[in-house]
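User: Could we go through this model together? I would like to start with the core and then move on to the aromatic rings.
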Amino acid sequence: MPRHHATPSGNVPFTAAEEAEWEAREVAYQAALPAKQKAALVKTYMDAVQLHLDTAAQVKSYDNIISACSYAAIANPYQVEGQSFLVWRGAVWAYCYAELAKVDANTRSLPTIPQLIAELPLRV
């Protein structure tokens, strides 16, 4: 069905160039939609993993994982624990990104968030 412009004097059919531009924009919109949905889904997983890290640090009375890791660099009573959190945080994100890359490559099905959290490395 041909597209038309609505004008005060009635509907005017699209030119061939306008029709082609409309089609190109529609294709671009349809292609962008899955990318936006994927980005939102990835953000949901990242937020859940971040919450997991922050909660583990809060159990040990730190504000969040960043606060716990901040004790790793210099000698202080919490340095060893801070180093443990720092190493663990790196291992968790490495695992998370690797598993989501497998999903993206279709070599793994998308786990639920609780499944992914259960698979994450433990802090030692």
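Predicted model: local features only at pLDDT ≥ 70, side-chain atom pairs only at ≥ 80, totals over all residues.

User: Which residues have the most contacts inside the largest nonpolar core?
Analyst: They are Val49, Leu53, Ile65, Phe85 and Cys96, in a core of 17 residues. A nonpolar core is a set of buried Ala, Val, Leu, Ile, Met, Phe, Trp, Tyr and Cys residues joined through side-chain atoms within 4.5 Å; buried means under 20% relative accessible area, exposed over 50%, and partly exposed in between (1.4 Å probe, protein chains only).

User: And which helix gives the most to this core?
Analyst: Helix 3 does, with six residues. Helices here are DSSP runs of H or I with at least four residues, numbered from the N terminus.

User: What is isoleucine 65 in contact with?
Analyst: Apart from neighbours within four places in sequence, isoleucine 65 is in contact (heavy atoms within 4.5 Å) with Gln50, Leu53, Asp54, Ala57, Phe85, Trp88 and Arg89.

User: Turning to the rings, how many aromatic pairs are there?
Analyst: A search of the whole structure finds five. Rings of Phe, Tyr and Trp (its six-membered ring) pair if their centres lie within 6.5 Å; planes under 30 degrees apart count as stacked, over 60 as edge-to-face and the rest as tilted.

User: Why is the pair of tyrosine 71 and tyrosine 78 edge-to-face?
Analyst: Their planes stand at 80°, with the ring centres 5.5 Å apart, so the pair is edge-to-face. Tyrosine 71 is partly exposed at 31% relative accessible area, and tyrosine 78 is partly exposed at 44%.

User: Which residues do ring pairs link into a cluster?
Analyst: The cluster consists of Tyr62, Tyr71, Tyr78, Phe85 and Trp88.

User: Last topic: where is arginine 108 found?
Analyst: Arginine 108 is in the loop between helix 3 and helix 4 (113–119). Its side chain makes a polar contact of 2.4 Å with that of glutamate 99 and one of 2.6 Å with that of glutamate 119. A polar contact is a pair of N or O atoms within 3.5 Å; within protein, one must be able to donate a hydrogen and the other to accept it, and residues adjacent in sequence count only if both atoms are side-chain atoms.

Note on methods. Residues numbered from 1 in each chain as written. Heavy atoms only, no water. Helix = DSSP H or I, 4+ residues; strand = E, 2+ residues; numbered from the N terminus.
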